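Colleague: Could you take me through the labels attached to this model, setting each value against its cut-off?

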Amino acid sequence: MLSNSADIYMPVQNEARVYFADEDKIHEALGIDGIPKERRVPAGLIQMSNGTQAVAYLDRDFVLGPEAGHVNISGISGLATKTSYAMFLIQSILQTGPAEEIAVILLNVKYDDLLRIHEPRDLTEEERALWEQLGLRPEPWPQDRVHYLLPWGKQTRVTGRPNTFADPPPPHKVYAYALRESASKLDLLFSDIPDSSGTLASIIGEIMSGITGNEAAWRAVQTWDDLLTKPPLVQQGIPQKFRNIHASSVGRFLRLLRRIVKTRQTGIFVPQLSTRMTTIEQEISNIRGGHTYVVDIARLAPEEQTLVFGDVLRTVYGLYSGETSPFDDYEPPKRVIVFVDELNKYAPARGQGESSPILDQVLDIAERGRSFGIILFSAQQFLSAVHERVTGNSATKVLGRTDSAEINAGNYRFLAQDIRYHLTRLDKGEMILSHPIYRQPVKIRFPRPPFQQGRTAR
């Protein structure tokens, strides 16, 4: 990369002396020198071929707003260290700014990756030095500031053990879904089911409004079994016509719902909530600044994962947009960061799926969330697999090692050709970082997390 301080755009003169830049000049070339010191967030270390190193800083206002927001991370699983980088960057944000103004919500989607973030890991001297070189403390999350929300399982009532891949971390709460408390989220369960005629949406809309509005026709429907076997949708085991919805359409809805909440469910759908259970809405509606909430969905069925993720987003969006106010004297933190891996499941690229309640919710967050204080940190293997309105609204893009066929997709147009080819040769712990104030993307490396990463350290 070439840059100058006088806006003279002409080739370097023949036989002119060329020197390696020091850290200040690297910052000047990238545009980092224009970031006020109080807004600088360490995002990794730039390393020159001659051994010179420089900290790559992000501008907080372009990560958390108001100037821009959202971070998207791509790369081949197991090599790109997507989750590790997201956790590093979140720790950097919390350590270098007013942490009390920021709440963090993490979706644990694989094994027990994020269920030990309060437990320290033994670092090598090299790893510790890299953290300190970035001006950060290599510390795990404080245990008194981490809240684990784990799913109720089929055996939890007997064993007391949530439906997790490993021993549950202390302390934790267990969440579940009873019909009456979940009626307003029923549409999320059908996000992956085609509904070109809109018939399913009509039935779901009637049920949601009927139960939440406590309409007379629905007062006897108290549990999932009631919805599947009792009026107004069923009489003597036979699906009934309801309003202007044909009986055959009601029957299809019931078959789909039975498969989700009875046949394939992992245990989170319960008849009634007990004192041993909580709800995602209840916990997320009371988030506090400086605290981190880990929501485990790793062992849930796909429809259940979509429900929980959509529940998190819908609750956060309602909280910050002012649509809901759970407590009269409650004031949410100024910012909330929501991190989820495998975003392509919920917001696939255009052409890979039709509009759905979960996609609409993700797009709302991507396009309007920043103005409310909601910041989405997302990750996936392939940038091209995610809806362009999500990646397009992510001001900061982080790319790890990528397949050679993938880099030719149109989503990588913002990268010069030589940088695209370099993506296929990145090592573990190396990323290409693109940020609005940078004059061009830059390669960085970052330290491994200082906490236990469970079964699959990535």
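Predicted model: local features only at pLDDT ≥ 70, side-chain atom pairs only at ≥ 80, totals over all residues.

Modeller: Residues are numbered from 1 along each chain as its sequence is written, and side-chain values use heavy atoms, with hydrogens and water left out.

Colleague: Why does Ser92 count as buried?

Modeller: Buried means under 20% relative accessible area, exposed over 50% and partly exposed in between, with a 1.4 Å probe and protein chains only; Ser92 has 0% relative accessibility, so Ser92 counts as buried.

Colleague: What makes Tyr111 partly exposed or buried?

Modeller: The relative accessibility of Tyr111 is 34%, so Tyr111 counts as partly exposed, and Phe165, with a relative accessible area of 29%, is also partly exposed.

Colleague: Why is the pair of Phe88 and Trp131 called edge-to-face?

Modeller: The structure holds 13 aromatic pairs. Rings of Phe, Tyr and Trp (its six-membered ring) pair if their centres lie within 6.5 Å, and planes under 30 degrees apart count as stacked, over 60 as edge-to-face and the rest as tilted. The centres of Phe88 and Trp131 are 5.6 Å apart and their planes stand at 75 degrees, so this pair is edge-to-face. Both residues, Phe88 and Trp131, are buried.

Colleague: What makes the pair of Tyr111 and Phe165 tilted?

Modeller: For Tyr111 and Phe165 the distance is 5.0 Å centre to centre, with 55 degrees between the planes, and the aromatic pair is tilted.
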